[in-house]
Amino acid sequence: MTNQQRWMLLAVVVSAGLVVHFLGPVLAPFIISMVLAYLGDPLADRLEELGLSRTLSVTTVFMVVLVVFVLVILVVVPLLFQQIKAVIQLLPVWEIWLRTHIWPWAQQAFNIDPNLFNFSEIAKNLASEWQQASITLAKLGGSFTRSSIALAGFMVNLFLVPVVTFYLLRDWDTMVYSLRTVLPRNIEPVVVTLSRECDDVLAAFLKGQLMVMLALSIIYSAGLSLIGLKFAVLIGLLAGLFSIIPYMGFIVGFIAALLVALFQFGIGWTIGSVALVFAVGQALEGWILTPYLVGDRIGLHPVAVIFALMAGGQLFGFVGMLIALPLAAIIMVLLRHLHRNYRESTLYHAD
């Protein structure tokens with residue numbers, strides 16, 4: 001790579017960072033569309049191999065994704081909202097139960113200062129925050145309906161994501177080929193090799209890890225529902241969501257389910273059932289889901305995952321969190337490439 005090419009690459013990276021920083025809210029629907037198009041491209045390619053045209057393949061994939069999205073909005077979101085509302089409404093009851101049953105035992109077992117926590121104040125604050133959030137959402141909804149500009153912006157974004165996704169998905173292979181043709185010829189083989197490695201990593205993360213999260217959410221929600229636990233769907237979704245960080249989903253979900261089971265049933269067979277549900281989920285994740293859906297291609301340490309999410313959110317807000325982990329995975333590929341070059345260089349083997 002020549003010095004001119006290095007400066008050009010640096011200019012592209014800096015320009016991309018500035019665009020994301022200053023145009024984050026505008027870029028959000030386009031980034032979501034790119035992720036959806038990337039996920040749908042292999043399915044469209046397979047339909048093409050079966051004899052369908054590219055447009056018909058993309059239309060089929062697009063309709064399937066749209067139907068799934070609508071079902072999630074109509075079924076899961078209202079149920080999740082109801083369970084969150086029920087949790088907040090039960091906070092005063094839980095506060096009394098914790099103060100009369102768990103807190104005295106914890107004070108004796110761990111020699112805790114009785115004045116360390118004020119459960120009544122905590123419950124009131126949480127309930128007040130939820131009530132204030134509900135009022136804010138109601139006011140926001142009222143002002144939103146009264147503001148033609150906000151309504152127009154929302155409708156544009158709502159319409160923009162599926163439209164942009166459709167066109168990106170239809171022209172995905174063409175865009176990839178066009179990008180390859182504009183690369184300088186002397187670095188084209190290296191860039192293509194690195195791009196394939198990045199594609200493997202992104203596929204493992206975006207396709208594999210998201211499928212693992214979805215599968216774990218279903219497993220935990222179904223298992224907890226079978227034993228009659230309240231808020232089973234909410235706990236299952238939280239466990240699946242936090243499973244993006246290894247063992248975090250298991251820890252968060254198991255503790256939440258254990259506390260709900262203690263309050264709902266007391267100490268008994270339900271505690272063992274909750275432990276069995278999460279043991280089965282953890283076994284399925286470790287032995288089947290992660291090996292077959294993700295593999296060992298990501299190579300991101302749990303600490304790196306946490307740092308990437310926090311750094312992305314701090315630097316670029318919501319858009320930064322969307323691109324944090326994929327970008328971190330790509331950086332890991334580049335670092336491995338640099339490490340290989342360093343191990344083969346005269347600097348490493350110098351006498």
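Biologist: What should I know before I start?

Modeller: This is a predicted model, where local features need pLDDT of at least 70, side-chain atom pairs count only at pLDDT 80 or more, and totals for chains, interfaces and linings use all residues. Residues are numbered from 1 along each chain as its sequence is written, and side-chain values use heavy atoms, with hydrogens and water left out.

Biologist: What is the mean pLDDT of the protein chain?

Modeller: The mean is 78, and 76% of the residues reach 70 or more. pLDDT is the predictor's confidence in each residue, from 0 to 100.

Biologist: Where is confidence lowest, and where is it highest?

Modeller: Helix α5 (residues 119-146) is lowest, at a mean of 54, while helix α9 (residues 232-242) is highest, at 89. Over residues 143-147, pLDDT stays under 50, and the model has three contacts there beyond four places in sequence. A contact means heavy atoms within 4.5 Å.

Biologist: How many helices and strands are there?

Modeller: The chain has 13 helices and zero strands. Both are DSSP runs numbered from the N terminus: helices are H or I with at least four residues, strands are E with at least two.

Biologist: Why is S57 called buried?

Modeller: Buried means under 20% relative accessible area, exposed over 50%, and partly exposed in between, with a 1.4 Å probe and protein chains only. S57 has 0% relative accessibility, so S57 counts as buried. You'll find S57 in helix α3 (residues 54-89). Leaving aside neighbours within four places in sequence, S57 is in contact with A44, L47, E48 and L52.

Biologist: And how much of the protein chain counts as buried?

Modeller: That's 28% of the 351 residues.

Biologist: What makes a set of residues a nonpolar core?

Modeller: The members are buried Ala, Val, Leu, Ile, Met, Phe, Trp, Tyr and Cys residues, joined through side-chain atoms within 4.5 Å. The largest such core here has 22 residues, and Y220, L224, L229, I235, A257, V274 and F278 touch the most other members. Two or more residues come from each of α8 (188-226), α9, α10 (248-265) and α11 (269-294), with α8 giving the most, six residues.

Biologist: Which residues does L229 contact?

Modeller: Setting aside neighbours within four places in sequence, L229 is in contact with L224, I235, A257, V260, A261, Q264 and F265.

Biologist: Which residues does the second core include?

Modeller: That separate core has 21 residues, including V61, L206, V305 and A328.
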